[in-house]
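Let's walk through a few helices together, one step at a time. Have the model open as you read.

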Amino acid sequence: MTDVGDLEEELRALGRTLIIDPPADDLAERVLARLQTARPGPAKRAWRWLVRSRRRLLAMIIAALIIGLGLTPPVRAAVLEWLRIGGVVIKTGPPPAVSPIPEPPPTSGPTLTLDEARRRVDFTLGVPTELGAPDHVTVSNDRRVVSMQWGSGPSRIQLDQFDGQLSWVYIKRYWEDVTPITVNGREAVWLGKPHPISYVDRNGQERAEQARISGPSLVWQRTGGSTEVTLRLEGAPDLERGLAIAASVR
Amino acid sequence: MRNQAIGETTDADLVTKALAGEATAFAHLVRRHAPIAKRMAVLWGAGADADDVVQDAFVKAYSALTRFRASTGFRAWLLSIVHNESRNLHRSRGRRAARESLAGRPEELSILDPEEEAAISDRRDRLLASVRRLPAELRDVVTCRYLLELSEAETAIALNIPAGTVKSRLHRALQNLRTEVSHD
């Protein structure tokens, strides 16, 4: 006679072994597209909100046209807006055939001291007390991005900071790995899997030569001086560690 | 499992933001809960229409968002909508389809591990067949509680039945399955 407890376990195990295809990659986009024409209540409000934000979105839409999803403009706007944190835009796409392997971020430009880096940019730099003084500090040639690095090899941690305007485009290709979180009470995201990332220059052009596969990363915002600074932390082993580092930025 | 302790935005907070007009927040809810919604739709026999059922369910959820109560839990509330949508689908398909439905059609549910011992996979196949033979009301609670691993409270909300009914149906279903499995 089978024990009831065993049978319950067996049924749960059965549930876990059933193969069911994941939802379509563009499900969220399709739902959003339909909400704009859906019935009263929040739908209409959301639509108005999207229309209002169209103006400030315009430049970003241009920047992100490179990876067209074949969607109509309002839908594209919605897709972009819901995946935007400061200067970072996250896009969904079909999963790649093979898992991408993260490539370490390039070390570019001469190593500077923190003070030298501070003088070169218009926003206030933060440093995570959790990691202490960085081993390397560099500023991009266009003086928009400050990168700090700690350690080397696979355990290297990199923190990029930039004015929270239109600076980067992330292209996310996994469906399930954008985790919404809160850092200091503000909206942030954790990208738990390797993902393609590319840089968008001042003219809104994506720089293909600077595209690479990023490791898991945390993206959040803080107010630095009079500007909104976007921060992107790459190389934290998990979300918990990433949040501890993010919370310690002073 | 989601870890709220380390700062992940809760469903309730996302709903509040969605009600304030943030499409972003609702999109997060879609992405978070679409996988289990799809599993439920397939287990309820939606087959090739499962993605449509899930999409319709989210659109309806959005329209009804002002009626959502945080105490219900977003997941269970959403699944109750998926359940209704699946039933509507069966109605529109007619009787023949309805017979094939529930707990999925065999060809859509394959067992995961081909390396697994034949004896174990054979037993699972037979258990799945036994679940499928259960009367509909018992099969529903078994599907929610065990195959989808919802709590008893969530099962009650998803199926829109009282918690006590969930308990008694689960009890009957397990007795029923236990007899079948031990006779095999």
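The bend at a residue is the angle between two axes, one fitted to the seven residues ending there and the other to the seven starting there. This is a predicted model, in which local features need pLDDT of at least 70 and side-chain atom pairs count only at pLDDT 80 or more, while totals for chains, interfaces and linings use all residues. Residues are numbered from 1 along each chain as its sequence is written, and chains are lettered from A and ligands numbered from 1 in the order in which they are written.

Start with helix α2 of chain B, residues 23–43 (helices are DSSP runs of H or I, at least four residues, numbered from the N terminus). In α2(B), a kink of about 50° lies at B:H33, shortly before the proline B:P35. Because 19 of its 21 residues are buried, α2(B) is largely enclosed by the rest of the structure (buried means that 20 or more other C-beta atoms, placed from the backbone, lie within 10 Å of a residue's own). Just after α2(B) comes B:G45, with a positive phi of about 85°.

Now find helix α8 of chain B, residues 152–159, where 6 of 8 residues are buried. Among them are B:T155 and B:A156. B:N160 follows α8(B) and has a positive phi, near 55°.

Which residues of α4(B) meet α8(B)? They are B:R75, B:A76, B:W77, B:L79, B:S80 and B:H83, and their partners in α8(B) are B:E154, B:I157, B:A158 and B:L159 (contact means C-beta atoms, placed from the backbone, within 7 Å).

Conventions
Buried ≥ 20, exposed ≤ 12 C-beta atoms within 10 Å, placed from the backbone. Helix = DSSP H or I, 4+ residues; strand = E, 2+ residues; numbered from the N terminus. Contact = placed C-beta atoms within 7 Å. Expected span 1.5 Å × (residues − 1).
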